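Thanks for asking me to look this one over. My notes follow as numbered points, and I hope they are handy when you have the model open.

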Amino acid sequence: MELFWWLLTIVLFAAGLIGTVAPVLPGTTIILAAAIIHRIMLGPDKSIGWHTIIVLVLLTLATYGLDVLAGYFGAKYFGATKWGTFGAILGALVGLFFGLIGLFVGPVIGAIFGQVIAGKRIIDAGRAGWGSLLGNIGAVLARLIIALAMIIIFLVTVPAPF
C-alpha cells in the first residue's frame with residue numbers, strides 16, 4: 001500500500017509541475033496537497049514532518065502573491081502610472097478565467113487600458129503592457145522554480161521508501 005501512496009504523490013507532483021505553467025491547474029497547491037496526503041496516509045515515521053509542511057505552505061502562498069504582483073511590477077518598471085499598474089492587476093485577475101492566453105493577455109490589455117485612461121500616449125501604454133507581459137513570464141518561471149524547490153524539499157526530507 002505504501003507504494004501506491006508514493007505513486008500517487010509522484011503523479012500529483014507531475015500534475016503540479018504542469019499546473020505551474022498552465023493556469024488551468026493550481027500547480028503549487030497540488031504539490032502541497034500531495035505532500036499532505038503522503039503525510040496523512042503514511043504517518044510521521046514514513047513521511048515529512050510538520051515543519052516541512054509549513055515551509056511548503058509558505059512557498060505555495062508566495063506563488064499566489066507572485067502571480068498578483070508580477071504584472072504590477074513589470075508594468076511599473078516600464079513606466080506605468082497608477083492607472084496602468086491597477087489595470088495590469090485587474091487584467092491579471094480577469095485573465096485567470098480565460099486560461100493560458102488570458103494569463104498573458106489580460107495584464108497587457110489591463111495595463112494598456114489603464115494607461116489610456118490616465119491620458120498617456122499609446123506608445124507609453126504599449127510599453128506598460130510590454131512590461132506587464134515580461135513580469136508575467138518572469139512569474140511563470142519563478143513559479144516553476146518554486147514548484148521544483150517544493151518537490152526537492154519533499155524528497156530530501158522524506159525517509160527513503162525502501
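1. A word on terms before the fold: helices here are DSSP runs of H or I with at least four residues, strands are E runs of at least two, and both are numbered from the N terminus. With that in hand, the elements of the protein read α-α-α-α-α-α from the N terminus on. The count is six helices and zero strands. Please keep in mind that this is a predicted model.

2. On overall dimensions, the C-alpha atoms fill a box of roughly 65 × 25 × 15 Å along the principal axes. The protein has 162 residues, and 40% of them count as buried. If you take the contacts between residues at least 6 apart in sequence, 67% of these join residues at least 24 apart.

3. Let us turn to the helix pairs, starting with H1 and H6. H1 covers residues 2-21 and H6 covers residues 122-157. Their axes are 8 Å apart, and the packing angle is about 165°. Angles over 145 degrees count as roughly antiparallel, and that makes H1 roughly antiparallel to H6. The crossing of these two helices is right-handed.

4. Which residues of H1 and H6 meet? From H1 come Trp6, Thr9, Phe13, Leu17, Thr20 and Val21, and they meet Val140, Arg143, Leu144, Ala147, Leu148, Ile151, Phe154 and Leu155 in H6. Sorted by class, this contact of H1 with H6 has eleven nonpolar, two polar and one charged residues.

5. The next pair is H4 and H5. H4 spans residues 82-95, while H5 spans residues 99-117. The axes of H4 and H5 come within 6 Å and cross at roughly 155°. H4 and H5 are therefore roughly antiparallel to each other, and their crossing is right-handed.

6. On the H4 side are Trp83, Gly84, Gly87, Ala88, Gly91, Ala92 and Gly95; they meet Gly99, Gly102, Leu103, Gly106, Pro107, Gly110, Ala111, Gly114, Gln115 and Ile117 in H5. By class, the contact of H4 with H5 has seven nonpolar, ten polar and no charged residues.

7. Now for the rings. A pair of aromatic rings is described by the distance of the centres and the angle of the planes. Rings pair if their centres lie within 6.5 Å, and planes over 60 degrees apart count as edge-to-face. By this rule there are three aromatic pairs. In one of them, the ring centres of Phe4 and Trp5 are 4.8 Å apart with the planes at 70°, so the pair is edge-to-face. Phe4 is partly exposed, at 42% relative accessible area, whereas Trp5 counts as buried at 14%.

8. How are the rings of Trp6 and Phe154 arranged? Their centres are 6.1 Å apart and their planes stand at 65°, so this pair is edge-to-face. Trp6 lies in H1 and Phe154 in H6, so the pair ties together parts that are 148 residues apart in sequence. Trp6 is buried, with a relative accessible area of 10%, and Phe154 is buried, with 0%. Trp6, Phe13 and Phe154 form one aromatic cluster.

9. Leaving out residues up to four places away in sequence, Trp6 touches His38, Leu42, Phe154, Leu155, Val158, Pro159 and Pro161. By contrast, Ala118 is 112 residues from Trp6 in sequence and 54 Å from it in space, C-alpha to C-alpha.

10. His38 also deserves a look. Is His38 buried or exposed? At 0% relative accessibility, His38 counts as buried. His38 has its place in helix H2, residues 27-42. With residues up to four places away in sequence not counted, His38 touches Trp5, Trp6, Thr9, Gly43, Lys46, Ser47, Phe154 and Val158.

11. A last stop is Leu93, which is found in H4. Leu93 is partly exposed, with a relative accessible area of 41%. Leu93 and Asp67 are 26 residues apart in sequence, and their C-alpha atoms are 9.2 Å apart in space.

Terms used:
Residues numbered from 1 in each chain as written. Predicted model: local features only at pLDDT ≥ 70, side-chain atom pairs only at ≥ 80, totals over all residues. Heavy atoms only, no water. Phe/Tyr/Trp six-rings, centres within 6.5 Å; stacked < 30°, edge-to-face > 60°. Buried < 20%, exposed > 50% of the residue type's maximum accessible area, 1.4 Å probe, protein only. Axes fitted to C-alpha atoms, helices over the stretch in contact; angles between N-to-C directions. Parallel < 35°, antiparallel > 145°, perpendicular 65-115°, else oblique. Left-handed = near helix turned anticlockwise from the far one by under 90°. Contact = heavy atoms within 4.5 Å. Nonpolar A, V, L, I, M, F, W, Y, C, P; charged D, E, K, R; others polar.
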